[in-house]
Amino acid sequence: MDKKAKLFGTDGIRGTANQYPMTPDMVVKIGQAIGYLLQKQNTKSNLARKVVIGKDTRLSGYMIEQALASGLNSMGIHVQLVGPLPTPGIGYLTRTMRAAAGIVISASHNPFHDNGIKVFGPDGFKISEEMESEIERLVLDEDLTALLPPSKEIGRTRRIDDSQGRYIVYVKGTFPLEYTLDGMRIVLDTANGAAYKVAPSVFQELGAEVIQLGDDPNGTNINDKVGALHPQKLSEAVVQYRADVGISLDGDADRVIMVDEKGEIVNGDRILAICALHMKERGLLKKNTLVATQMSNFGLEKRMNEAGIQLVKTGVGDKYVVEEMRKNGYNLGGEQSGHIIFLDHTTTGDGIIAALSVLAVVKQTGRRMSELNHVFEDMPQVLINLRVKRRNELSEIAGYADLIRDIEKKLSGNGRVFVRFSGTEPVIRVLVEGPDKTQISHFADEIASFLEKELS
């Protein structure tokens, strides 16, 4: 198979709407490929004939939803549409509705003109790379029309009206029953995305006063200067309204960034540290281990070591974190970007559950968010996201290895360099970490300038 034709990245299929691979004809084929595999895997059970589809608030979601449903129906699959719902909500509904698969139509934190497809198995976890490869093979190499069943076996599509209520009840159930959020004022930014209805309901029903931002989706304003990637407005609003905490979700609500009452950012590393220490204290952190990625700050690792918690690092991407957790029986992991996974409650990152877990620590300890936010001291980091036209193997670029070796030598073991291509965007990420902010800024600029010439 042509490597350029690869459909799946680190988080499903993603691209610009109405451009390959997110065109209606390709999406119909993707639906057909998924449907064919589901029928083939289990021909005796009705489970094989039911798929749940949810989406975020992007304009192109309507088009992709119809194309996917059409492809699945043509393979004899019954489709249940739930409308806008957080990505983790689809994992939950897939499991509890005994569906063969769940599909999310979303490009997560990307701007509105992008869209994507994420696929969950019947257990609520994202499908394996083997199944992704088989979907790709069917779409790119097979004549799917030759695999269509007889007309009497075509599937049906219907809408499920109570999916939001089911998800709200499930999420609230992860918060300790003996506590409420009475008396707490929360500023909530839902990024004009999938959680704009369910998230405020969760916090309000638990007793909080909620002031909402990013709650007026129009199809084109998802993640537009709001949400987890843009927490500045949230910080200002928390101070302005004298709130106890700010909560910022991304477009599909699988990640969260928080803000303390002083307007200071509480990123994914801090959320992980707060929850890991609290869970260890109560004997709830399995194997006294936290799973993070290579992007996490060295300060997190140092603090975990001091507390007797092992920190395991994986490649970047929440699916790699989940794989490590499932393989070794860990129950807490995540990313600095705000994907936080509590395997005791959910099968993927869930921004609302993560926020509730931090608020549970606030309630159980009686400490303010700003106190919890000082859980460790960050090692200075500089991250440059560079848009590129080519994705050449870094090891094959003349002079690149020498440049990295030279910088690492200058860091003298007191820092690190981490460079990788994004799995979801035409971007290369350059991360340099070390004690001297001026020095590492210079190093990051040097690497970025070098790569810009080579990859543009």
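**Burial and contacts in the predicted model**

Author: Leaving aside neighbours within four places in sequence, Phe203 is in contact (heavy atoms within 4.5 Å) with Leu181, Ile186, Leu188, Ala208, Val210, Ile247, Ile352, Ala355, Leu356 and Leu359. This is a predicted model, in which local features need pLDDT of at least 70 and side-chain atom pairs pLDDT 80 or more, while totals for chains, interfaces and linings use all residues. Residues are numbered from 1 along each chain as its sequence is written, and side-chain values use heavy atoms, without hydrogens and water.

Reader: Why is Asn223 called buried?

Author: Buried means under 20% relative accessible area, exposed over 50%, and partly exposed in between (1.4 Å probe, protein chains only). Asn223 has 9% relative accessibility and therefore counts as buried.

Reader: What does the side chain of Asn223 reach at 3.0 Å?

Author: That side chain reaches the backbone nitrogen of Gly251. Gly251 is also among the contacts of Asn223, which include Arg58, Ser108 and His109.

Reader: What makes a set of residues a nonpolar core?

Author: The members are buried Ala, Val, Leu, Ile, Met, Phe, Trp, Tyr and Cys residues joined through side-chain atoms within 4.5 Å. In the largest such core, of 68 residues, Phe203 and Ile352 touch the most other members. Helix H11 (residues 351-365) contributes the most, with ten residues.

Reader: How many residues of strand E18 are buried?

Author: Six of the six residues in E18 (416-421) are buried. Arg416, Phe418 and Arg420 lie on one side, with Val417, Val419 and Phe421 on the other.

Conventions:
Helices (H or I, at least four residues) and strands (E, at least two) are DSSP runs, numbered from the N terminus. A polar contact is a pair of N or O atoms within 3.5 Å; within protein, one must be able to donate a hydrogen and the other to accept it, and residues adjacent in sequence count only if both atoms are side-chain atoms.
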